Amino acid sequence: MRGGFAANWWKFLGVGLLLFAIPMAWLGNVSVQVILHETIRNLYFHVTMWFAMIAVFAGSVFYSIKALRTGNRLHDIRAEQFAQTGMMFGFIGITTGMMWANYTWGAPWVDDPKLNGSAVSLLIYMAYFVLRGSLNDPIRRLRAAGAYNIFAFVMLILLIGLMPRINDSLHPGNGGNPGFGGYDLKNEMKWVFYPSVLGWILIGFWIAGIKSKSAIAKYTLEEEITES
Amino acid sequence: MVSRILYLIKYEALLEFRNKALTGSLFVYVISTVFVCYRSFRSVENAETWNALFWIVVLFSSTNAVLRSFQRENKNQALYLYQTLKPGEVILSKIAFNYILTLALIGGTLPVFALLLGNPVRDIWTFVLIAFLAAGAFSATLTLVSAMAGKTGNAAGLTPVLGFPVILPVLMVAIKAAGKAAAGEAFTAYWDLAVVLAAFNAVIVILSFLLFPYLWRD
């Protein structure tokens, strides 16, 4: 790690938060409710994946904006790596959600605005990778993929914000279901949930940062080989 | 700027109607799609199904119409436009022209639909209002996305892949609002959906205006 503790403290914070949050997710007190019972612990594992996904996608959009403004290819590589990391969180989020839904709703996939929103977000980023894959010229790829990333992310945020207001969700805390409301959730659960969210976001940025460094190293190596 | 955009819309129309067979193909596309629906479903009793089918046909036919917006000019014409115009003027005029084209397609689809599959729409004027709003969001999104897809040289293949997931929120709001109009509910009960559609239009047009300059340079 370059830069010592001053530049990397957030990685330690991320690990520390999760070292606290993961054992507490299994062992801590939870508010046991009808149907949900102990599966409410999935809150710590499943819901946090979505927060991490959106945060890492936002990081990808940040680098896309930078790439468009400066024309720097390294930012474009970072945007791609952040999007890949976000996809990983998205797939884990879908898998943990389907496992949970299988036991509480009786089916792994049901018609629910949040499920559809998550499916669409994965579709959008698959389309993003298809677009990147079909452009060979790096400058064109930077511009087209960068513009699509920004456009799609804004539409995704609108979708996520809007969908639950159009259709009631089956998710806990939505449409009159118990769950995340003020008095449904024990206060001590928040003390595990919020650190867990922050921890996974930090870990997500760490993973994406390592992936970016590796991709940039590969890119510069290839550049040097073609130049020599 | 407005007069230049108006001029560009006229120019787009000129290029489009120069090849009347291509323009005609859009309407034949609509008629044959609706006919396929008609022969597959025979008759649609359920207003909800009718509505969903209608919007899917509109989405596909407007994709088909917008696809060509960046292929009308040849390379030299595009280079000339690039030197003389601002990117904002180009994208706004293309969106405006595609909007008119999409409206014309909706205007063509609705009677064919009503003729073959029946017309369950009770509140036709609100339905038309929703169609006007949805057509704007469709054409603006697809115009921007087809500019991106055009970079790959495979616009026809990539525009739906890139555009459909992005357009889904618009489609869902439009289907919901149009369904209520079809059922004849009072507009006061769902006017907020129309406002949401209008807001989508504004967001998409502003984003196109901001992002197109990067796609335009080549």
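Visitor: At what angle do the axes of helix H5 and H6 of chain B cross?
Guide: A quick note before that. This is a predicted model, where local features need pLDDT of at least 70, side-chain atom pairs count only at pLDDT 80 or more, and totals for chains, interfaces and linings use all residues. Residues are numbered from 1 along each chain as its sequence is written, while chains are lettered from A and ligands numbered from 1 in the order in which they are written. Now, H5(B), residues 87-117, and H6(B) cross at roughly 130 degrees, and their axes come within 8 Å. Helices here are DSSP runs of H or I, at least four residues, numbered from the N terminus. Axes are lines fitted to C-alpha atoms, for helices over the stretch in contact, and angles run from 0 to 180 degrees between N-to-C directions.

Visitor: What does that make H5(B) to H6(B)?
Guide: Oblique, because of that angle. Under 35 degrees counts as roughly parallel, over 145 as roughly antiparallel, 65 to 115 as roughly perpendicular, and the rest as oblique. The H5(B)–H6(B) crossing is right-handed. Right-handed is when the near helix is turned clockwise from the far one by less than a right angle, left-handed when anticlockwise.

Visitor: Which residues make that contact?
Guide: Among them are B:Tyr99 and B:Leu103 of H5(B), with B:Phe132 and B:Ala135 of H6(B). Contact means C-beta atoms, placed from the backbone, within 7 Å. By class, the contact of H5(B) with H6(B) has nine nonpolar, five polar and one charged residues. Ala, Val, Leu, Ile, Met, Phe, Trp, Tyr, Cys and Pro count as nonpolar, Asp, Glu, Lys and Arg as charged, and the others, Gly among them, as polar.

Visitor: How far apart are the axes of H3(B) and H5(B)?
Guide: They are 9 Å apart, and the helices pack at an angle of about 140 degrees. H3(B) passes H5(B) in a right-handed crossing. B:Trp50 and B:Phe54 are among the H3(B) residues there, and B:Phe113 is one of those from H5(B). That contact divides into 11 nonpolar, five polar and no charged residues.

Visitor: And at what angle do H6(B) and H8(B) pack?
Guide: About 20 degrees, with axes 9 Å apart. So H6(B) is roughly parallel to H8(B). Their crossing is left-handed.

Visitor: Where does H8(B) bend?
Guide: At B:Leu210, by about 35 degrees, and B:Pro213 follows within four residues. The bend is the angle between axes fitted to the seven residues ending there and the seven starting there.

Visitor: New topic. How many residues does each chain give to the contact between A and B?
Guide: Chain B gives 21 residues and chain A gives 24 residues. On the chain B side, H6, H7 and H8 each give two or more. H7(B) gives the most, with 10 residues. The chain B side divides into 17 nonpolar, two polar and two charged.

Visitor: What comes just after H3 of chain A?
Guide: A:Gly106, which takes a positive phi of about 90 degrees.

Technical notes: Two residues are in contact if their C-beta atoms, placed from the backbone, lie within 7 Å.
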